[in-house]
Amino acid sequence: MDLKKDEASNEITEKKRKRGCTGRFLAFLFTFLIGVAVGLGASYYILVQQQSDSDAEQRAYAALENSTESRDYKNFLERFPSSGYASDVKSRMEKLQQMEAEWSRISTSKKVADFEAFRKQFQHPYYDKLCAVKIDSLDWAKAVADSTREAFDHYMAIHPDGLFYAEATFAARQAERHELSADEREMVTNTLDGFMSLLGRGDTETLIGYLPDVMDRFLEKRMATRGDVVLMVEKMFGDNVRECTFSRSGDPEIKKRILAGQPAYSVTATYSGDIAVQTSDGKRQKTYVVRADLGEGHLVRAITFSTK
């Protein structure tokens, strides 16, 4: 009886031992599998992270293709210092830095040659466009300063797609209206010579035929009437003056403009005045710069004298 109890007890003990071994094995196996899973997960994360970094580097490098600022290249090198593209990026950055420094130096220049030299030296698409805009603007400014049909035609010839082509077309037509013909030059010159001849003789009766009812200016007086002019001339050539002649030297400078749809002319000319007076020497000579405005009907609207 006792023997059977011992056998049964031993059997139970053996079963417990086996179950304990199985449990420990399963625990070890579970722990091992978890470790393997964690290891694989870490390796996968590292691989994914590396792939992510590589993709980010590729995208950042591709973005530089359209960048025109050296700081973008500097940021790439700071973010990816060990990149295989580092040498290329650094070289391009240094070239951009050189261009940026040179552009800063010449950007406000008024010389077309500066931008032509820059474009030839660097040959960069972005800066080529900037140079083209600056050259276009400077050539237009020169044409406007000259304000002649030839100047506007020249601008259009060298800038057929220029920013100011439409304005140049209109300005050329307007400038043509302001061009002085040979007949106009002769008329203006003869009018002024005739006026000065009558003034020298003191022939006020004929002189007023050259004048409008009111002049913008006669010598020092503004808004001078014909009566004012007569009195001033008589005062200039009183009993003390026996004779006066004005001789023009050189061609006059004449500028034409359009006022209220009518041509008007600004004239600057130099006259030598020989004045015979009742003095011991009997004669005086002075050189005068005469400035006059001629308007509609070729009337002398303003005239002033200054001595040289």
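In helix α2, residues S70, Y73, K74, F76 and L77 meet A86, V89, K90, R92, M93, L96, Q97 and E100 of helix α3. Contact here means heavy atoms within 4.5 Å. The residues of this contact divide into seven nonpolar, two polar and four charged. Ala, Val, Leu, Ile, Met, Phe, Trp, Tyr, Cys and Pro count as nonpolar, Asp, Glu, Lys and Arg as charged, and the others, Gly among them, as polar.

The model is predicted: local features need pLDDT of at least 70, side-chain atom pairs count only at pLDDT 80 or more, and totals for chains, interfaces and linings use all residues. Residues are numbered from 1 along each chain as its sequence is written, and side-chain values use heavy atoms, leaving out hydrogens and water.

**Helix pairs**

Helices (H or I, at least four residues) and strands (E, at least two) are DSSP runs, numbered from the N terminus. Axes are lines fitted to C-alpha atoms, for helices over the stretch in contact, and angles run from 0 to 180 degrees between N-to-C directions.

| Pair | Axes come within | Crossing angle |
|---|---|---|
| α2 (residues 70-79) and α3 (residues 86-106) | 8 Å | roughly 155 degrees |
| α4 and α5 | 9 Å | roughly 165 degrees |

α4 is therefore roughly antiparallel to α5. α2 and α3 are also roughly antiparallel to each other. The cut-off for that label is an angle over 145 degrees. The crossing of α2 and α3 is left-handed. α4 also passes α5 in a left-handed crossing. Left-handed means that the near helix is turned anticlockwise from the far one by less than a right angle.

On the α4 side of the second pair, V112, F115, E116, F118 and R119 take part. They meet Y127, D128, C131, A132, K134, I135, L138 and D139 in α5. This contact has eight nonpolar, no polar and five charged residues.

**Cores**

A nonpolar core is a set of buried Ala, Val, Leu, Ile, Met, Phe, Trp, Tyr and Cys residues joined through side-chain atoms within 4.5 Å. Buried means under 20% relative accessible area, exposed over 50%, and partly exposed in between (1.4 Å probe, protein chains only).

The largest nonpolar core has 30 residues. Those with the most contacts inside it are L192, F195, M196, F218, V229 and I303. Two or more residues each come from α8 (182-201), β1 (214-218), α10 (226-236), β3 (241-259), β4 (262-277), β5 (284-294) and β6 (300-307). α8 gives the largest share, seven residues. Apart from this core lies another, of 21 residues, among them A56, A60, M99 and L138.

Leaving aside neighbours within four places in sequence, F218 touches F195, A224, V229, M232, V233 and I303.

**Single residues**

R248 lies in strand β3. R248 counts as partly exposed, at 31% relative accessibility. Beyond neighbours within four places in sequence, R248 is in contact with T189, D193, A269, T270 and Y271.

Most residues other than glycine have a negative phi. Q123 has a positive phi of about 50 degrees although it is not a glycine. Q123 sits in the loop between α4 (112-122) and α5 (125-146). At 60% relative accessibility, Q123 is exposed. S147, also not a glycine, has a positive phi near 55 degrees. S147 is in the loop between α5 and α6 (149-158). Its relative accessible area is 44%, so S147 is partly exposed.

Technical notes. Parallel < 35°, antiparallel > 145°, perpendicular 65-115°, else oblique.
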